[in-house]
Amino acid sequence: MPVRPVIATALAAAALVCAAVGPAGADPSELITVDPVGLIASDGTVTLSGSYRCVGGTGPVLVSSSLSQADPGLRHGIGGSTARCDGAEHRWANSGKASPEVLKAGAARVEATLMELRPSGILMLPVLHAARDRDITLARNDAFPVSPKASGKTWAKKSPKAPAKAPAKASRKAPAGKPAKVSGKSAR
């Protein structure tokens with residue numbers, strides 16, 4: 001089973017638990033933002049992004065994101081990533097694939113969560129650092145794949161094919177009247 005869906009499901013479950021418990025001692029300087037535009041590729045890959053700031057954690061801190069469109073009660077988990085809680089502001093970007101029939105370009109609602117999995121005995125308890133809901137625009141992105149991992153393609157543009165045998169160049173000019181030596185052959 002792929003790791004991303006498992007992580008997204010675990011983060012969504014932890015977000016529900018945190019929503020019920022509330023932000024336990026979240027520092028007021030901690031925040032998470034969501035960019036006003038997300039991208040959707042023709043294959044259904046969605047990329048959401050924003051920024052975050054968090055301070056110290058005793059366990060791993062994760063950035064999760066989910067998206068809803070027509071039915072606000074139906075949320076689609078869009079990837080997950082790890083956060084660095086050093087008090088500085090950092091960027092986040094999560095990508096995930098949904099059926100192209102389910103999500104379309106247009107208005108959408110995103111929920112982003114910054115959550116720590118804090119060790120407590122043999123359990124890892126979720127601790128909410130910050131959460132944000134925001135209306136965004138989901139824009140088409142058919143020019144190139146959303147991420148190299150999501151599509152298996154590289155970002156680099158293909159360069160024209162090199163000629164089968166490039167002509168050799170002389171390394172120095174030959175004196176007048178004498179042929180230049182190129183690759184062991186005389187050029188005339």
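How many of the 9 residues of β3 are buried? I looked this up first: 8 of them are, so strand β3 counts as mostly covered, where buried means under 20% relative accessible area, exposed over 50%, and partly exposed in between (1.4 Å probe, protein chains only).

**Ground rules**

I'm working from a predicted model, where local features need pLDDT of at least 70, side-chain atom pairs count only at pLDDT 80 or more, and totals for chains, interfaces and linings use all residues. Residues are numbered from 1 along each chain as its sequence is written, and side-chain values use heavy atoms, with hydrogens and water left out.

**Overview**

I counted 2 helices and 10 strands; these are DSSP runs, helices being H or I with at least four residues and strands E with at least two, numbered from the N terminus. Along the sequence I read α-β-β-β-β-β-β-β-β-α-β-β. Of the 188 residues, 32% count as buried. I noted an accessible surface of about 12000 Å², with 59% of it belonging to carbon and sulfur atoms; the areas come from the Shrake-Rupley method with a 1.4 Å probe, and for residues only the protein chains shown count as cover.

I also checked contacts, meaning heavy atoms within 4.5 Å. Among those with a separation of 6 or more, 67% are between residues 24 or more positions apart.

**Confidence**

I looked at pLDDT next, the predictor's confidence in each residue from 0 to 100. The mean for the protein is 73, and 60% of the residues reach 70 or more. Of the elements, β3 (residues 45–53) has the highest mean at 95, while helix α2 (residues 148–151) has the lowest at 45.

I marked two stretches where pLDDT stays under 50. Residues 16–24 are one, and the model has 8 contacts beyond four places in sequence for them. Residues 182–188 are another, with 10 such contacts.

**Back to β3 and its partners**

Which strands pair with β3 in the antiparallel sense? I found β1 (residues 31–32), over 2 bridges, β2 (residues 37–40), also over 2 bridges, and β6, over 9 bridges. Pairing here takes at least two bridges found by DSSP between the strands.

I picked out a few partners. I32 stands opposite Y52 in β3, and I40 has V46 in β3 as its bridge partner. On the β6 side, T45 stands opposite K97. β2 and β3 form a hairpin with 4 residues between them, and G44 in the turn has a positive phi of about 95°.

**β4**

I moved on to β4 (residues 61–68), where 8 of 8 residues are buried. Both faces are covered: V61, V63, S65 and L67 are on one side, and L62, S64, S66 and S68 on the other.

β4 runs antiparallel to β7 (residues 106–120), joined to it by 8 bridges, with L62 opposite M115. β4 also pairs with β5 (residues 76–82) in the antiparallel sense, over 5 bridges, and there L67 has H76 as its bridge partner.

**The core**

I then looked for nonpolar cores, sets of buried Ala, Val, Leu, Ile, Met, Phe, Trp, Tyr and Cys residues joined through side-chain atoms within 4.5 Å. The largest has 23 residues, and those with the most contacts inside it are I32, L48, Y52, L67, W92, L114 and I136. β3, β4, β7 and β8 (123–140) each supply at least two of its residues. The largest share, 4 residues, comes from β7.

**H90**

Is H90 buried or exposed? H90 counts as buried because its relative accessibility is 13%. I placed H90 in strand β6 (residues 89–97).

I found two polar contacts for its side chain, each a pair of N or O atoms within 3.5 Å; within protein, one must be able to donate a hydrogen and the other to accept it, and residues adjacent in sequence count only if both atoms are side-chain atoms. One is to the side chain of D86 at 2.8 Å, and the other joins H90 to the side chain of R84 at 3.2 Å. Leaving aside neighbours within four places in sequence, H90 is in contact with G50, S51, Y52 and R84.

**C85**

Last entry: I found C85 in the loop between β5 and β6. Apart from neighbours within four places in sequence, C85 is in contact with C54, V55, G56 and V61. I also noted E116, 31 residues away along the chain, with its C-alpha atom 9.9 Å from that of C85.
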